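Please look at the aromatic side chains in this entry. My notes follow as numbered points.

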Amino acid sequence: MTGELIPSPLLPAPPGTFPVPALIAGAGDKASEHFLEFFAATIRNKNTRAAYMQAVGQFCRWCEGLELQLHTIRPLHVSAYIESKALTAPSVKQHLAALRGLFNWLVIKQVVPDNPALFVKGPRFSRQVGITPILEPEQMRKLLDSIPTTREVKIARKHGGGVRIEADVKGLRDRAIIAIMAYTFARVSAVLKLKRSDYSLQGKRARLRLLEKGNKEKLVWLHHEAEQYLDAYLDVAKISEAGAAVFQTLNKNHRLSGDGISRRDMLRIVKERCLAAGLPENICNHTFRGTGITVFLQNGGSLEAAQDMANHSDPRTTKLYDRRKDLATLGEIERRIAFE
């Protein structure tokens with residue numbers, strides 16, 4: 001549970017139960033049970049669940065501040081809450097979706113008589129171009145080449161002293177992850193969930209089995225460079241068990257821990273690698289997906305193929321990652337506008 005869902009001190013969670021907001025707990029055990037059911041039973045995506053929990057928790061705290069009760073919440077309250085929050089249009093839409101979904105579930109379960117969020121309108125918003133920062137091909141090359149794949153290890157004096165050069169499993173791991181995201185257009189969550197058995201050879205070419213958003217299984221061919229980087233990492237990592245995570249965290253001894261890398265840890269890794277390469281600090285995990293799609297289209301790849309590789313159900317989503325116009329416009333600005 002997020003901090004927003006911790007009950008007030010006057011309404012602690014009973015032993016053996018999960019905490020719920022005071023607003024929900026005050027409506028009785030039935031309300032608490034169905035509140036938890038909504039998140040556990042109706043939302044399968046963990047990221048969506050976490051975002052909805054955060055949104056609902058904030059709304060409940062706001063209602064508690066006004067001393068509202070669950071059954072007294074009206075559309076006017078939901079509207080006032082939205083107006084009071086300094087949120088972007090997409091965030092407002094997400095908060096409203098979370099509240100509509102929760103109250104709809106509570107109506108079905110006969111906890112509340114109607115859905116106060118149902119007819120509250122959110123802001124009009126549409127996005128024609130994605131906002132994810134991308135890298136140009138030269139920057140992507142610079143990043144991959146900048147990641148060190150060897151490291152110096154000090155030798156104890158009793159063994160003669162000095163240093164020895166050995167393969168850096170961390171650098172090899174990070175380079176392989178970034179290359180796979182860029183060359184396959186895969187989401188970071190799908191790459192980090194890879195198991196050893198998901199990587200195999202089909203004839204002479206390598207293939208990955210990715211479990212993408214919505215538990216959609218996707219088989220993708222690996223670009224030869226991504227294959228080389230992954231093989232170099234696995235040769236050093238010595239991961240052999242079929243169910244073992246391919247990309248693992250390191251312990252204090254610079255050895256693989258057996259635990260998979262989280263998205264948060266991966267973001268920290270990306271930030272560190274980009275900083276070391278002198279690249280913009282706004283680069284994120286999603287950057288490599290957008291970069292791969294843009295470069296693919298720049299080099300003559302079809303939108304249909306890019307859509308299939310990115311596992312998008314709608315080509316309009318793929319177009320959000322197509323930043324060719326942005327790059328062309330920037331180039332024109334640099335060439336044509338000069339105040340000298």
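Which residues do ring pairs link into a cluster?

1. The cluster consists of Phe59, Trp62, Tyr81 and Phe103, linked by ring pairs. This is a predicted model, in which local features need pLDDT of at least 70, side-chain atom pairs count only at pLDDT 80 or more, and totals for chains, interfaces and linings use all residues. Residues are numbered from 1 along each chain as its sequence is written, and side-chain values use heavy atoms, with hydrogens and water left out.

2. Rings of Phe, Tyr and Trp (its six-membered ring) are taken to pair if their centres lie within 6.5 Å; planes under 30 degrees apart count as stacked, over 60 as edge-to-face and the rest as tilted. By this rule there are eight aromatic pairs. Phe59 and Tyr81 have ring centres 5.1 Å apart and planes at 80°, so this pair is edge-to-face.

3. Phe59 belongs to helix α3 (residues 46-65) and Tyr81 to helix α4 (residues 75-84), so their pair ties together parts 22 residues apart in sequence. Helices here are DSSP runs (H or I, at least four residues), numbered from the N terminus.

4. Phe59 is buried, at 1% relative accessibility, and Tyr81 is buried at 0%. Buried means under 20% relative accessible area, exposed over 50%, and partly exposed in between (1.4 Å probe, protein chains only).

5. Trp62 and Tyr81 also form an edge-to-face pair, at 5.6 Å centre to centre with 65° between the planes. Trp62 lies in helix α3 and Tyr81 in helix α4, so this pair ties together parts 19 residues apart in sequence. Trp62 is partly exposed, with a relative accessible area of 22%.

Definitions and conventions. Helices (H or I, at least four residues) and strands (E, at least two) are DSSP runs, numbered from the N terminus.
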